[in-house]
Amino acid sequence: MTQSKHSLFADHAYLPEGWRRHVLLEWDADGNLTAVTPDTTTVPAGVPKAAGPVLPGMPNLHSHAFQRAMAGLTEYRAASGSGATDNFWSWRELMYRFAARITPEGLASVAQWLYIEMLKAGYTSVCEFHYVHHTPQGERYGYQAELAQRVVDAAAQSGIGMTMLPVLYQYSGFGAKPPREDQRRFINTPESLLDLLGTLRSARPESGALRYGLAPHSLRAVSADSLRTLLAGLDASAPIHIHIAEQTAEVDACVETEGARPVQWLLDRFDVDSRWCLVHATHVDASETLALAKSGAVAGLCLTTEANLGDGLFPAQEYLDARGRIGVGSDSHIGVDWRSELRLLEYGQRLTRRQRNVLACAEGAQSTRTTHVADRLFDASLEGGALATGRAVGALQAGRRADWLVLDADHSSIAEHAPNAWLSGVVFCEHGETPIRDVYTGGDKVVDNRRHRDEEGAYARYRVALAELLK
Ligand SMILES: [Zn+2]
């Protein structure tokens, strides 16, 4: 019967109000939840049972897919001579050399493998901040959306939900500095980028699993005028993502040329609200922190990448206390695991403040939702991450996407623990294999007992692509 095809029974599931018992999940043929019913006394015949506790899938709000192929290859001192240091900018030189070599086929293979890794880690949606648009010579491909479409198709093949954000990269620095030669694969005008988006959108129309938005790369790569033109060409509810203040050097350059810090500059000139995701809002002063929280925009935090690149620490406690929205992303993909992102978010605070449970909220503490760090950060990242995707995801609730994870209840991080300690175990314990056993997107089981349905073939293709890139 069709009911069993589109329903699942869970002994425990994490609903918007917290852990509930005996939950019946039902969804339609398009992959959207139609009913989520706790305290179900009689399970309808033929309905399968989840292998463990069910959590909503986590959105990954920031990804540059091709950078997955560089992970682990830049962890050495490249600069020589006394006093020379490696930093974000020296890493960027290496990244540009990699970007110069990627082919459409290579990108497809790298992206598909990356998205499989994301799904296995419990990311069920990804926002792809896609900026390599042109041939290695900097010319348009015959089919102008060639590279972006490869990424969209890789997402569809893997089963992850996608928000494709074609990136406007126009200048190499504040004051409309002309682009550098090694940025030639990225460069567009607002008009040419909107044209590319239109082409892609007609070839791959939006669906429950696919949404489009736009991403001005950073304030150093666009001007106020080009940003206005770009946003005027976007539909009124589509998501907008931007790298905002990752490096102190870009904050200094913004102050020097524009007379304001990046977050302040943006908030003063544009109607920044919950459609916006400000990625790497790392360097914000006290007034920017409060203003950003008040705007309703999502701060896109990519802790493992920010740590890897030596970016700095976002003032998470002040921002969360001001009810700011957050979400997490794996960005450069040095790690692909939302559990590490949440752990590092808290650990950065612990190490600098010499305190514990910094990002928990003691105020009005009636439940584990606020007193347990993991629960608070999980809830916040689900809500903010879902907003950043522009898709109906991030909760086990009728009308949302049928995306979830099934935990292994026998895993040593949660076995014998009460349900209110499960998220703490999942986020903070690092013991053995992942506690995430199965993963569903749009109601389809894409990961079964820690194996993705296309794992072997996709990994073989990834290795071919990587070998080619490293030749
Ligand atoms: Zn980025």
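**Entry 1: a salt-bridge network.** I began with the charged side chains and found Lys120, Arg451, Glu455 and Glu456 linked in a network of salt bridges. The model I am reading is a predicted one, and I keep that in mind throughout these notes.

Entry 2: I then checked how the chain is divided, and the assignment gives domain 1 as 2–56 + 394–456 and domain 2 as 58–389. I noted that the C-alpha centres of domain 1 and domain 2 lie 28 Å apart, and that 32 residues of domain 1 are in contact with 32 residues of domain 2. For the extent of the interface I read a buried area of about 2,600 Å² between the two domains, with 59% of it on carbon and sulfur atoms. On the side of domain 1, the residues that lose the most area to domain 2 are Tyr14, Val427 and Phe428, which together account for 22% of what that side buries.

**Entry 3: polar links and elements at the interface.** Which kinds of charged and polar pairs cross between domain 1 and domain 2? I found two salt bridges across the interface, along with eight residue pairs in polar contact. I also listed the elements of domain 1 that each supply at least two residues to the side touching domain 2, and these are β1 (7–15), β4 (54–56), α15 (422–428), β15 (436–441) and β16 (444–448). The largest share of that side, five residues, comes from α15.

**Entry 4: other salt bridges.** I read a total of 33 salt bridges in the structure, and I followed some of them by hand. Aspartate 195 and arginine 140 meet through their side chains at 3.3 Å, N to O; aspartate 195 sits in helix α5 (residues 190–203), while arginine 140 is in the loop between β6 (123–130) and α4 (146–158), so that the pair links distant parts of the chain, 55 residues apart. Both partners are partly exposed, aspartate 195 at 39% relative accessibility and arginine 140 at 48%.

Glutamate 430 forms a salt bridge with arginine 343, with the closest N and O atoms 3.2 Å apart, and here the loop between α15 and β15 is joined to helix α12 across 87 residues.

Lysine 445 and aspartate 438 meet at 4.0 Å, N to O; lysine 445 is partly exposed at 37%, and aspartate 438 is buried at 2%.

**Entry 5: the zinc ion.** I looked for the protein donors of the zinc ion and found His62, His64 and His243, each through NE2, lying 2.0 to 2.2 Å from it. Along the chain these donors follow the spacing H-x1-H-x178-H. Histidine 62 is buried, with a relative accessible area of 0%, and histidine 64 counts as buried too, at 3%.

Key. Residues numbered from 1 in each chain as written. Predicted model: local features only at pLDDT ≥ 70, side-chain atom pairs only at ≥ 80, totals over all residues. Heavy atoms only, no water. Donors = N, O, S within 2.8 Å, 3.2 Å for Na, K, Ca; no water. Buried < 20%, exposed > 50% of the residue type's maximum accessible area, 1.4 Å probe, protein only. Domains from an automatic or database assignment. Contact = heavy atoms within 4.5 Å. Buried area = accessible area lost by both parts, 1.4 Å probe. Polar contact = N/O pair within 3.5 Å; in protein donor to acceptor, adjacent residues only side chain to side chain. Helix = DSSP H or I, 4+ residues; strand = E, 2+ residues; numbered from the N terminus.
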